[in-house]
Amino acid sequence: MTDSPLDLSYAFHLGPLAISWVVVVTWGILIVLGLGCFALTRRLAIRPGKVQSVLELVVGTIDAQIIATIPGDPARYRALIGTLFLFILAANWSSLIPQVEPPTAHLETDAALALIVFVATIGYGIAAQGPWGYVKSFARPSWVMIPLNLIEQITRTFSLMIRLFGNVMSGVFVIGIILSLAGLLVPIPLMALDLLTGTVQAYIFAILSLVFIASAVEDASPDPKEPKS
């Protein structure tokens, strides 16, 4: 583990490219999640067993959250929102593995996740409204609001990154300090609390991402003041 979340320790080099331990852990999480999803979904049946029932419950819960925010078919957003939630959850919980620092405790990972949401928001907005319609949405309710709407688009993405980074990093620091002072058994309740915090942070990140996407998509809905043809 590094002494500072802003410092990186490197695992190996690929030619001139240095690969940090954060990247290695991230790759490991992605591989485990990918293989796990493949193994759990390769033999789906009409009559689900226990494992399939749990998977269907998870997917149903994600769909319910999507529908509550963006009415309509949740399939368009399921892959992005579900992947964000599962990855952040697994990354946060990786702090329980000895000598492993969660990738979400580093600013680089959180910035990448926030950038994915930023690009996805623009993509969904353009898909729903068209390029020109999406650009015009920044002038609502008046052209005077264009600078503020542009700043909001950037600052809310920045807030996603900082919120996740701050909460995860602080949890890792607190547990690390107590573990070094009090030994192994005392921090166990705090580690359980860290699991809960990691789950909540993953949920908040996914829900806020969905809200940002909804704000871009719902701008495509017709103005109630406009006459219907």
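Aspartate 63 and arginine 78 form a salt bridge, with their closest N and O atoms 2.8 Å apart; the term means a side-chain nitrogen of Lys or Arg within 4 Å of a carboxyl oxygen of Asp or Glu. The pair joins distant parts of the chain, since aspartate 63 sits in helix H2 (residues 50-69) and arginine 78 in helix H3 (residues 75-93), 15 residues apart. A search of the whole structure finds one salt bridge. This is a predicted model, in which local features need pLDDT of at least 70 and side-chain atom pairs count only at pLDDT 80 or more, while totals for chains, interfaces and linings use all residues. Residues are numbered from 1 along each chain as its sequence is written, and side-chain values use heavy atoms, with hydrogens and water left out.

Aspartate 63 is buried, at a relative accessible area of 14%, whereas arginine 78 is partly exposed, at 32%. Buried here means under 20% relative accessible area, exposed means over 50%, and partly exposed lies in between, using a 1.4 Å probe and protein chains only.

The protein chain as a whole has seven helices and two strands. Helices (H or I, at least four residues) and strands (E, at least two) are DSSP runs, numbered from the N terminus. Along the sequence the pattern is β-β-α-α-α-α-α-α-α. Of the 229 residues of the protein chain, 33% count as buried. Among contacts in the protein chain with a separation of 6 or more, 67% are between residues 24 or more positions apart; a contact means heavy atoms within 4.5 Å.

Axes are lines fitted to C-alpha atoms, for helices over the stretch in contact, and angles run from 0 to 180 degrees between N-to-C directions. Val59, Ile62, Asp63 and Ile66 of H2 make the contact with Tyr77, Arg78, Ile81 and Gly82 of H3. H2 passes H3 in a right-handed crossing; a crossing is right-handed if the near helix is turned clockwise from the far one by less than a right angle, and left-handed if anticlockwise.

What length should H3 have? At 1.5 Å a residue, its 19 residues should span 27 Å, and the end C-alpha atoms are 27 Å apart, which agrees. The expected span is 1.5 Å times one less than the number of residues. The buried residues of H3 include Tyr77, Leu80, Ile81, Leu84, Phe87, Ile88 and Ala91. An α-helix has 3.6 residues a turn, so residues three or four places apart point the same way.

Helix H1 (residues 21-41) packs with H3 at an angle of about 125 degrees, their axes 10 Å apart, and that makes H1 oblique to H3. The crossing of H1 past H3 is right-handed. Here Thr26, Ile29, Leu30 and Leu33 in H1 meet Leu86, Phe87, Ala90 and Ala91 in H3. The axes of H3 and H4 come within 12 Å and cross at roughly 170 degrees, so H3 is roughly antiparallel to H4. On the H3 side the contact is made by Arg76, Tyr77, Leu80, Leu84, Phe87 and Ile88, and on the H4 side by residues including Thr109, Leu113, Ile116 and Val117.

Threonine 109 lies in helix H4 (residues 107-129) and is buried, with a relative accessible area of 10%. Not counting residues up to four places away in sequence, threonine 109 touches Val22, Thr26, Phe87, Pro103 and Thr104.

Serine 209, in helix H7 (residues 188-217), is buried at a relative accessible area of 1%. With the same exclusion of residues up to four places away, serine 209 touches Ile81, Leu84, Val117 and Leu160. Arginine 163 is in helix H6 (residues 146-182) and is partly exposed, at 34% relative accessible area. Beyond four places in sequence, arginine 163 touches Gln201, Ile204 and Leu208. Arginine 163 and isoleucine 204 are 41 residues apart in sequence and 9.5 Å apart in space, C-alpha to C-alpha.

Note on methods: Angles under 35 degrees count as roughly parallel, over 145 as roughly antiparallel, 65 to 115 as roughly perpendicular and the rest as oblique.
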